[in-house]
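Please keep the sequence and the structure in view while reading.

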Amino acid sequence: MFCDLCGQDIKPRGWTTHQKACETNADKKHRDQAIVDAIRQEKLMISIPALNKSVLDGQRTAQPSRAHTPIEARDYQHDIAHDFDVDFSLTDHFEPEPMDASAPPTYSLDDIKVEHHPNSGIKAQIHPFNNFHCHPATSLAYTTPNNHPWRPFQSRLEFEVAELALEVGLNNEQTDHLINICHQCSLRKDSFMLKNHKDIHSKWEAASHQITKFTKDVISVPYNGKMQEFDVYYRDLWDLATDLLRDPNLFPHFQFDAQHLSKFDGQTFVRFVDEPFTAEDFGMCKYSQLPQDAKPLAFILYADKTRLSLFGTAKGYLVVMHLANLPTDIRNRQGVGSGYIVGWLPIHPNQVMSITFADSSIHEDISKMIIYATHNILTEEASPLGYLLVRCQYIMATEEDDKNWNFPKLHMITHLFDDIEAKGVTRNYNTKPNEQMHRPLKDWYQHWTNFKNIAEQILHIDHWLLVADDIHHRIFDLDEYVISQCQANDIDEDANEDDPDSEVLTNPIRHVFGPLDGSMHVKFGSREAPQTFGLIENSHKDDIAFSNFHVKLNSFLNVFLPASNIPLPDGKRIHLLSTHTITTCRLLHVNYESMVDWRQYTNYLQCNPKFFNAPHFDCVFIQTNQKVILGHLLLLFECPVGDNVYNFEKTSTLTFLEFEQNCRHRQSFSPPGLSSTGHF
């Protein structure tokens, strides 16, 4: 017997069973095709909603219409979406309407307006919020780097060994031992002429001229009725700033023109500040004090004492400089363009002391600390007598009767808003990046000095490390240049064995000042060995979310792929079996845009049954076209379909009522590149 549905000859004995199966399959194909056709037709009829359209190009558009979608298709689409949380709206793409050139300019919600000082000659600009970049770096013409950036070291190998000895803090004996090992292991492909630690010291001294060095001066001040002389170490601020301005990788990030940033709220532009060059002190009011062609270069200085020894017998008083023309993400980090020690101040003798409680002055020492420990507890309102006692105790200790009880950290709050308008947000003058520089000083004191004349020794090490970092960056530039030349000319990248200066790193480290690359929204990590659907379903047999796991995935893929204009393999419905394998993953990298500074950051979502010996399954916010929903990661996996491999996350949809109980009654699949936006 001949079957009209599949075009096959069927034996009479199996005709009834075959006819029913063919009719069922044909009905499924018909309904799936109806859904796909309806979605495609709907895409042609839908236009961008008025609000979203105004964000893109400031024009009005009509609301979307579903009038042309067949009722049967919409109902079946709703059933599939309800069972598997398929969000067909994720695949919609809209075409903008043409702009009327004669229409007056209009602004969109959240548009950013950038105004420069008139002296800059730069016109005001309006940027759509989605395309606005706070501090884009300007490109410069690329110059050929130095072919021997490791000089005065004889070779790159010499520099790397010397840098290693400097970074780990090797003493003289350890440095000599390292050099002996290098001589024994060297294959003589690179010149290595160092013999001992003295040779390394001489090389660092020869390289020290590349960055502005410290200068030592002696100052005289009256103390205890006679003149006292103190050693002061400092770097020339202008010379150091010039070194930074000459850095070809750093210079594009300098901002010399003051800016006013404002954001359109639907009615008017509202100004906001973040960096110093968007605030008042750096901004418009200072240009009146400059020549016509001059640009401001702003310095941020920080000074603080730190204990170098465990008991405070040795202290340092350092001064740190930052350039306010650089953006915060460079200025507050570690490395090139961050904070630089520019001064080492003398401490007066009465400041160098250690409080000990092992003698008869224990009560007197404790009483001195009470003043600072109780000043915010025994207030005049809460305890008038206690406040009077603390005040009398302070007067006795300092012999002053006009103490201003407006302590610095408390006083700062009273003019915080004015400071933000004048200098930018608080991260521009936060002390934490500078306080992080105290730790290396303590390490250098413990491991590098002889505990005598410590200032000169510590500053020597600081300068050598800056020089090493500068040489390292120039080596990276050379590596990138050589690789780019090899790729451009399609030549062999093997180095010339006869020329030791031609050797380059196999995997050079690339230093990048700009934000992270946003080309990949999500990325899977921590992959496991491939497993069959049957093994996964059996290992989760007590979890209703994994019941008929591969069957649910089949239904999802057969609808989602055609709706996303992805053809099914060989035009046939996907039919994954329990014996097919998938690769599970335990980590999800999610790149997202911060709503604070609009820069890109990365979250790491765990989907791990044994993360530090405990289950760890993160929750996620899933962005759909209609709303943001709350979900709970159950499984991350890569599934091969035909010749392609697709990444999916299996989640359970949560509501606040379901959060504690019944949170797995509704499960869904989704490609993480379309949905995951954050976690908690």
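**Overview**

The model is predicted. The chain holds 19 helices and 19 strands. Of its 680 residues, 38% are buried. Among contacts between residues at least 6 apart in sequence, 61% join residues at least 24 apart.

**Packing around helix 6**

Two packed helices are described by the angle between their axes and the distance between the axes. Helix 6 (residues 197-207) packs with helix 5 (residues 172-185) at an angle of about 95 degrees, and their axes are 9 Å apart. Helix 5 is therefore roughly perpendicular to helix 6. On the helix 5 side the contact involves Asn172, Thr175, Asp176 and Ile179, which meet His197, Ile200 and His201 of helix 6. By class, this contact has two nonpolar, four polar and one charged residues.

Helix 4 (residues 156-168) also approaches helix 6: the two axes come within 11 Å and cross at roughly 100 degrees. Helix 4 is therefore roughly perpendicular to helix 6. Here Glu158, Phe159, Ala162, Glu163 and Leu166 of helix 4 meet Ile200, Lys203 and Trp204 of helix 6. The residues of this contact divide into five nonpolar, no polar and three charged.

In soluble globular proteins, nonpolar side chains tend to be buried together. The largest nonpolar core of this model has 38 residues, and the members that touch the most others are Phe159, Trp204, Leu308, Ile341, Trp344, Leu441 and Ile458. Elements giving two or more residues to this core include helix 4, helix 5, helix 6, strand 8 (315-323) and strand 9 (340-344), as well as helix 15 (438-448) and helix 16. Helix 16 gives the most, with 11 residues.

Leu441 illustrates these links: leaving out residues up to four places away in sequence, Leu441 touches Thr306, Leu308, Leu318, Ile341, Trp344 and Ile458. A second, separate core has 21 residues, among them Ala545, Phe546, Val641 and Phe648.

Helix 16 (residues 454-489) also contains Asp462. Is Asp462 buried or exposed? Asp462 counts as buried, because its relative accessibility is 10%, below the 20% cut-off. Apart from neighbours within four places in sequence, Asp462 is in contact with Phe214, Arg235, Ile341 and Trp444.

**A hairpin**

Strand 3 (residues 215-223) and strand 4 (residues 226-234) run antiparallel and are joined by nine bridges. Pro222 stands opposite Met227 of strand 4. The hairpin of these strands has two residues between them, and Asn224 takes a positive phi near 55 degrees there.

**Backbone details**

Most residues other than glycine have a negative phi, and most peptide bonds are trans. The peptide bond from Arg151 to Pro152 is cis, with omega near 15 degrees. Pro152 lies in the loop between strand 2 (125-127) and helix 4. Two phenylalanines with a positive phi are set out below.

Technical notes. Residues numbered from 1 in each chain as written. Predicted model: local features only at pLDDT ≥ 70, side-chain atom pairs only at ≥ 80, totals over all residues. Heavy atoms only, no water. Axes fitted to C-alpha atoms, helices over the stretch in contact; angles between N-to-C directions. Helix = DSSP H or I, 4+ residues; strand = E, 2+ residues; numbered from the N terminus. Parallel < 35°, antiparallel > 145°, perpendicular 65-115°, else oblique. Contact = heavy atoms within 4.5 Å. Nonpolar A, V, L, I, M, F, W, Y, C, P; charged D, E, K, R; others polar. Pairing = 2+ DSSP bridges. Buried < 20%, exposed > 50% of the residue type's maximum accessible area, 1.4 Å probe, protein only. Core = buried A, V, L, I, M, F, W, Y, C linked by side-chain atoms within 4.5 Å.
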